[in-house]
Amino acid sequence: MLLKGAEILLKCLQNEGVDVIFGYPGGQALGIYDALFSSDIKHILTRHEQGAAHAADGYARATGKVGVCLSTSGPGATNLVTGIATANMDSIPLICLTAQVSTAMIGKDAFQEADITGICLPITKHTYLVEKTEDVPRIVKEAFYIARTNRPGPIVIDLPKDVMENTVEYAAYNQEVSIRGYRVAKNFNYGQVISAAELIRQAKRPVIYAGGGIIASQADEELRKLAETMKIPVTTTLMGIGTFDSYNYLSLGMLGMHGTRYANYAIGEADLLIAAGVRFDDRVTGKLDTFAPKAKIIHIDIDAAEIGKNVKPTIPIVGDVKDILKALNERLREPADLREWHDTISRWKAEYPLRYENPPGGSIMPQHIIEKISSLTDGNAIITTEVGQHQMWTAQYFRFKKPRTFITSGGLGTMGFGFPASIGAKIAFPDRPVINIAGDGSIQMNIQELGTAVQYKLPVIICIINNQFLGMVRQWQSLFYGGRYSYTDISTQPDFVKLAEAYGAVGRRIDKIDGIDGALQEALTVKDRPVVLDFRVEREANVFPMVPPGGSTLIMLGED
Amino acid sequence: MNKHTISITVEDQPGVLTRVTTLFRRRGYNIESLSVGVTEDPSQARITIVVPGDDSIIEQVTKQLYKLVDVNKIVDITAEKYVERELVLIKVRADNSIRADVVQIVDIFRGRIVDIGRDTLIIEATGDEGKINAIQDSLRNFGIIELVRTGKIAMIRGNK
């Protein structure tokens, strides 16, 4: 069958199970868009390419599938860059299709030419510049394979205009992948598992430190089994939230800079740390030599380069964390007597709970909104966040129960991520509540996607925690820069209610504590358009507890 | 600081060298010398890189390099028995009065004179790093006008 490159591309995408693409057209992408016009693949037209990248990312995080975004060449492609870097830092499988000028024009500084594969080298798992139409099937196959296997990540496929418009014979989609320099890790060192099981049996004060790898490898069930069988307390990273039911008595919540005191204290006293699908990020460890100073460390990760990068483990195990936890569970049946350890932790939990106080007069504390959303949706909603104080309050106060219900930019910390990500999640799960918890700074970074949500009748709920500050930066200025609020006051801002209405969305402003429930309940009943809830909160509330940057996680600034 | 000679076998494709060097830059590793060329297999190229750093840095470099899809094999040959070679071209000032002295030094190092100008000579020499450094030092007093040196290439001895 003679087909154009663009038609072959779409056939290959369908063979990979792609049913939706997030994108934005342009000159060099005309050929691909022409093929899309008569394709079964659904295309969601965002209002900015960055929105397309984040939406594809949100779709991938919510479903576990590979997300796909599409842009034109030049500025279209460079607008994807923040989204690609975001996915790369959080190991999210993404295929980023970028149109490119014709092969004959590449390198000539043609109109709307940008070297996107070059630009993206350090922020992708791999990149392809397709030079021949015949190569399209092989490259698409390889790209999906690489994106979703081992440690997942984003792949850029750059598609010159002539490569997409040329016609070649297309037979069937090849099913085999053979890449000499890329092998999928199927095995792990079982001897290490035996040693790890022995350490776990002997431990008196063990802690599990679980991260995003548990979600990527769908190992939450194995994690729960290990924790419950051996009665080991579990703390999660920001990326690991949802891997362990926060209502479980073994849950310590999040650790690190804005973690719970009891999680950080537990790490400080632990004699064994089981680090699963984590990378010992600086926001987790604080000052490295004070992190888990008394603990032997079992480090399980699929990426060998993470072993020993920041912390040298006692027992490294490289491989799929699901398989490894399964093997560990087979060797572990009887819990040790950890009563003393549990008593210590219970005491910390009682003594140092997360806390805030609602001020008299009915003004709103941001934490209170998070708790309200949490209790009203009871673990069924998909929550996305932007980056800043509201993100940390969500991580602290929202009670997550399941993986893939908390979608946030952890590694890169991308403001403007959450709203488009919520669009991707809502496309994947139209029947589940999808709520974007935002700050008033972050929401303005991709506010244009209201147009997308209105066009596709997506009832995403946007809760703006509006303190009219770039709150997290203001908090640091307050604590570490003598209260000099340099360029963090953003009280000049649009009327978000009118703005929502201008786009055709629902807008509400809530400035008293007794208005929260009603507004949220009303928002949850809207089925055909997005809802913007502008919560006016205490302007200078801080995220506590907090480990000062570079400090030991055992010394936290408090609420007082 | 220790130096390691790392031999990397890669797909012979456009952009692969950029991927490798970008990784070094991005992760903050230094490259002391680098050479690239074809191998016995036309689909693969060999990059030989000399990296200063302790064992933990070399371990990270190796692991990070292995994550590049186009990298097929990495061998830190420092601890192996291996042959290493560099090539140097040196243009020295050498009028008639000192030419004989220069030629004598070149002979000692088993180098070759590859060009004779009115009062210059171009000398070619190959050898390991130590030898190349030595010939460079020996000729310095005559006045080196120009010097070009390749990166190191290396091969493990015997059957390995």
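I opened this notebook at P545(A), which lies in the segment after β20 (531–536) of chain A. The model is a predicted one, and I kept that in mind throughout.

The peptide bond that joins F544(A) to P545(A) is cis, with omega at about -5°. Next I looked at S91(A), in the loop between α5 (81–89) and β5 (94–100) of chain A. Its phi is near 55°, which is a positive value in a residue other than glycine.

**Helix pair α1 and α7**

I moved on to helix packing in chain A. Helix α1 (residues 5–15) and helix α7 (residues 136–148) of chain A have axes 9 Å apart and pack at an angle of about 35°. I noted the crossing of α1(A) and α7(A) as right-handed. On the α1(A) side I listed G5(A), I8(A), L9(A), C12(A) and L13(A); α7(A) brings V136(A), P137(A), V140(A) and F144(A) to the contact.

**Helix pair α16 and α17**

Then I took helix α16 (residues 366–377) and helix α17 (residues 389–397), also in chain A, whose axes come within 9 Å and cross at roughly 50°. With that angle, α16(A) is oblique to α17(A). I wrote down this crossing of α16(A) and α17(A) as right-handed. Which residues meet here, from α16(A) and from α17(A)? From α16(A) I have P366(A), Q367(A), I370(A), E371(A) and S374(A), and they meet H390(A), W393(A), T394(A) and Y397(A) of α17(A). The residues of this contact divide into four nonpolar, four polar and one charged.

**Salt bridges**

How many salt bridges does the structure hold over all chains? My note says 40. I picked out R224(A) with E221(A), a salt bridge whose closest N and O atoms are 2.3 Å apart. These two are about one helical turn from each other, because R224(A) and E221(A) sit three residues apart in helix α11 (residues 220–230) of chain A.

**Chain B on its own**

I turned to chain B and went through its secondary structure, which comes to four helices and nine strands. In what pattern do they follow along the sequence of chain B? I read it off as β-α-β-β-α-β-β-α-β-β-α-β-β. I also looked up the box that the C-alpha atoms of chain B fill, taken along the principal axes, and it is roughly 60 × 35 × 35 Å.

**Where chain B meets chain A**

My last stop was the interface. Here 20 residues of chain B are in contact with 18 residues of chain A. Between them, chain B and chain A bury about 1,500 Å², with 49% of it on carbon and sulfur atoms. Which residues of chain B lose the most area to chain A? They are R19(B), K67(B) and V69(B), and together they account for 40% of what the chain B side buries.

I then checked for charged pairs across the interface of chain B and chain A, where the rule finds three salt bridges. For a distance to keep with this entry, I took the pair D41(B) and R180(A), whose side chains meet in a salt bridge at 3.5 Å, N to O.

Definitions and conventions. Residues numbered from 1 in each chain as written. Chains lettered and ligands numbered in written order. Predicted model: local features only at pLDDT ≥ 70, side-chain atom pairs only at ≥ 80, totals over all residues. Heavy atoms only, no water. Axes fitted to C-alpha atoms, helices over the stretch in contact; angles between N-to-C directions. Parallel < 35°, antiparallel > 145°, perpendicular 65-115°, else oblique. Left-handed = near helix turned anticlockwise from the far one by under 90°. Contact = heavy atoms within 4.5 Å. Nonpolar A, V, L, I, M, F, W, Y, C, P; charged D, E, K, R; others polar. Buried area = accessible area lost by both parts, 1.4 Å probe. Salt bridge = Lys/Arg side-chain N within 4 Å of Asp/Glu carboxyl O.
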